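Subject: Structure handover and notes

Dear colleague,

Please read the two side by side.

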Amino acid sequence: MSLNPIERQRAKIETQTAIDAASLGLVRGILDDAAWSRAIADALASAYLRDDDPRWQSGFDGDSQLWRDARELILAPVHRDGTFLDIGCATGYLMECLQSWAVERGRRLSMFGLELSSALVATARRRLPGSADQIFEGNVLDWSPPHRFTFVHTGLEYVPAARRPSLVRRLVDHFVEPNGRLIAGPVDGADLATTIEAFERAEAGRETSKRTDRNGKTRHVVWCST
Ligand SMILES: C[S@@+](CC[C@H](N)C(=O)[O-])C[C@H]1O[C@@H](n2cnc3c(N)ncnc32)[C@H](O)[C@@H]1O
């Protein structure tokens, strides 16, 4: 099952329209935070599951080198072996890739995922049967982890803007092991300042790493140590 470029473009527009409608509903008080994130996850899942390409199912439309340029940056703060939680893991492809890219750097990571969409969780568990019990279903807004992780990776856009500093604080306080790291992103230059601001308002400390792909697009991750 694969979408042609026009169908992909149409899927992106439909998804963005659904996300914009949910965000308007949040501003108008029609949706609460949980319903807003559910609407977004449902819109993303609907688009992702129309194509078997694992990069597309991770919200990325590009070839394998561009994918690696866009995502390997997440390993920049990975300074030791340990456990790694990908919040918003979709169908688990980033988990797989980070694990094998980490091996190339001499690091061993045991991968975990958290995903809000039950359809994406089911697909991830089918794709990665050996990790099925390490893929959790839940909303990062209120999910409690069964244990801490050495590394926690998230997108701050999974919660409304006003809740991003408290998300950073909660992840640092309750999800990340001592001598671990919280990693947010990748974000482009336009979203870097607000991501840094969320870390600063959470009083979490912050470092940044960046990588530029062959098309000249630069992405950043923001991270802090515990
Ligand atoms: C762009 S994909 C990221 C996939 C992968 N982590 C990566 O970076 O390649 C975002 C995923 O986050 C999930 N998601 C969105 N809001 C969430 C929330 N509040 N809690 C858990 N997952 C969420 C979506 O359903 C979607 O699968």
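In which strand is Pro 186 found? Pro 186 is found in strand E5, residues 176-188, where strands are DSSP runs of E with at least two residues and helices are runs of H or I with at least four, numbered from the N terminus. A cis peptide bond, with omega about 5°, joins Gly 185 to Pro 186.

Before the rest, two remarks on how to read the values. This is a predicted model, in which local features need pLDDT of at least 70 and side-chain atom pairs count only at pLDDT 80 or more, while totals for chains, interfaces and linings use all residues. Residues are numbered from 1 along each chain as its sequence is written, and side-chain values use heavy atoms, with hydrogens and water left out.

The domain assignment, which comes from an automatic or database source, gives domain 1 (5-58) and domain 2 (64-225). Taken over C-alpha atoms, the centres of domain 1 and domain 2 are 20 Å apart. Contact between them (heavy atoms within 4.5 Å) takes 14 residues from domain 1 and 20 residues from domain 2. The buried area, meaning the accessible area (1.4 Å probe) that two parts lose on being put together, summed over both, is about 1400 Å² between domain 1 and domain 2, and carbon and sulfur atoms give 65% of it.

Across this interface the rule for a salt bridge (a side-chain nitrogen of Lys or Arg within 4 Å of a carboxyl oxygen of Asp or Glu) finds one. Asp 33 and Arg 163 also meet through their side chains in a salt bridge, at 2.8 Å from N to O. Helix H2 (residues 33-48) gives the most to the side of domain 1 that touches domain 2, with eight residues.

By the same rule the count comes to 17 salt bridges. Arg 8 forms a salt bridge with Asp 51, with the closest N and O atoms 3.1 Å apart. Because Arg 8 lies in helix H1 (residues 5-27) and Asp 51 in the loop between H2 and helix H3 (64-71), the pair ties together parts that are 43 residues apart in sequence.

Turning to the ligand, 18 residues surround it, and the closest are Arg 71, Asp 86, Gly 88, Glu 115 and Asn 139, a residue being counted if one of its heavy atoms lies within 4 Å. A polar side-chain atom of Glu 115 lies 2.5 Å from an oxygen atom of the ligand, and a polar side-chain atom of Asn 139 lies 2.8 Å from a nitrogen atom of the ligand.

Lastly, Ala 90, in the loop between strand E1 (82-87) and helix H4 (93-104), has phi near 55°, a positive value in a residue other than glycine.

With best wishes

Definitions and conventions
Polar contact = N/O pair within 3.5 Å; in protein donor to acceptor, adjacent residues only side chain to side chain.
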